[in-house]
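Please keep the model in view while reading.

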Amino acid sequence: MLNTLEKMSLIVIGGELIIGILGNGFIGFTSCIAWIKNQKLCLLDFILTSLAFARIVLLWVSAANLFSVMVYHELTDIMEGNSALARTWVLANHLNNWFATCLAVFYFLKIANFSYSLFLWLKWRTNKVVFMLLLVSVPFLVISFPLPYHFDVFWYHVPPKYERNMTGLFNDSVYTNLNYNIMFMIGCFPPFSISLMSFLLLLLSLWRHTKHIELNVRNSGDASMEAHFRAMKTVFLFLVLLALYYFALFLTFWGNVLPQNILIVMLGYVLENIYPSGHSYVLIFGNSQMRKAFLSILWHLKHGLREKAPPAT
């Protein structure tokens with residue numbers, strides 16, 4: 001029987017799941033519409049569509065895992081389904097982080113303004129740079145994949161009635177799972193560091209561009225500056241949400257290792273879903289075309305509900 005805390009957490013996570021699927025589904029839908037309309041798939045639409053799909057899978061797998069550990073009554077049922085869920089989650093998490101990193105690099109190469117020959121060479125080959133990043137990410141997927149390690153302690157929470165019987169198993173597997181989590185975080189470090197570097201270089205480019213305007217044009221409404229601000233805001237919020245996501249994974253792991261810490265585990269699950277759900281709306285409102293389409297849909301829904309509402313008596 002679920003307690004009050006578990007029920008509240010499931011409601012919050014269910015809300016995050018709905019919000020995230022709607023946001024990422026909208027991004028994927030608008031990108032596909034643009035693909036059909038233009039009869040070609042541009043690099044930005046490819047990144048956004050792939051990122052949206054990866055996040056939808058990530059949200060569904062996280063929800064399926066939480067549902068299984070909260071509802072299933074037999075520990076064997078949890079352990080049998082754990083392996084497939086874990087590997088699907090690792091793959092979706094990997095694609096999620098690296099496609100978001102590709103988006104940050106794309107913004108940097110398209111918007112930043114440097115005269116260095118290396119930057120210009122990369123800028124002219126943005127498509128190849130993005131696909132090379134995806135290729136480079138493959139070894140880190142191998143590192144992150146739970147092949148030589150057990151993923152159990154990291155991935156699921158054991159119901160309280162089994163904690164007494166599982167104490168010995170936890171004591172034996174903590175060291176092994178700690179090793180795996182170190183390897184997992186090593187695999188996650190490169191996309192975070194590349195995105196951080198892209199943000200810092202965008203900041204440097206904005207500073208140089210601002211100095212140039214002050215010396216020559218004195219026009220604070222420059223379009224390039226506005227593009228810098230939009231890209232920096234998107235990448236910065238991505239970094240904040242990604243850091244929160246890693247912190248949530250850390251909470252989930254240690255909450256599962258330590259007995260009688262269901263509060264930490266549930267907090268980790270709640271925080272974990274903020275990143276794939278919330279960042280989709282950062283992308284929507286950071287893109288003028290998607291923002292207009294999204295606000296238009298909300299406007300029609302609002303007026304449609306008003307028209308269907310019964311008149312006051």
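## Burial and helix packing

In this predicted model, Ser-198 is a residue of helix 7, the helix that spans residues 163-216. With a relative accessible area of 4%, Ser-198 is buried, because that value falls under 20%. When its neighbours within four places in sequence are left aside, Ser-198 is in contact with Ala-104, Val-105 and Phe-108.

How many disulfides does the model contain? The count comes to zero, under a rule that asks for a pair of cysteine sulfur atoms within 2.5 Å.

The helix contact comes next. Helix 1 (residues 4-38) and helix 10 (residues 274-286) have axes that come within 8 Å and cross at roughly 40°, and the two helices are therefore oblique to each other. Their crossing is left-handed. On the side of helix 1, the residues that meet helix 10 are Glu-16, Ile-19, Gly-20, Leu-22, Gly-23, Asn-24, Phe-26 and Ile-27, while helix 10 contributes Ile-274, Pro-276, Ser-277, Ser-280, Tyr-281, Leu-283 and Ile-284. Sorted by class, this contact of helix 1 with helix 10 is made up of nine nonpolar, five polar and one charged residues.

Methods
Residues numbered from 1 in each chain as written. Predicted model: local features only at pLDDT ≥ 70, side-chain atom pairs only at ≥ 80, totals over all residues. Heavy atoms only, no water. Axes fitted to C-alpha atoms, helices over the stretch in contact; angles between N-to-C directions. Helix = DSSP H or I, 4+ residues; strand = E, 2+ residues; numbered from the N terminus. Parallel < 35°, antiparallel > 145°, perpendicular 65-115°, else oblique. Left-handed = near helix turned anticlockwise from the far one by under 90°. Contact = heavy atoms within 4.5 Å. Nonpolar A, V, L, I, M, F, W, Y, C, P; charged D, E, K, R; others polar. Buried < 20%, exposed > 50% of the residue type's maximum accessible area, 1.4 Å probe, protein only.
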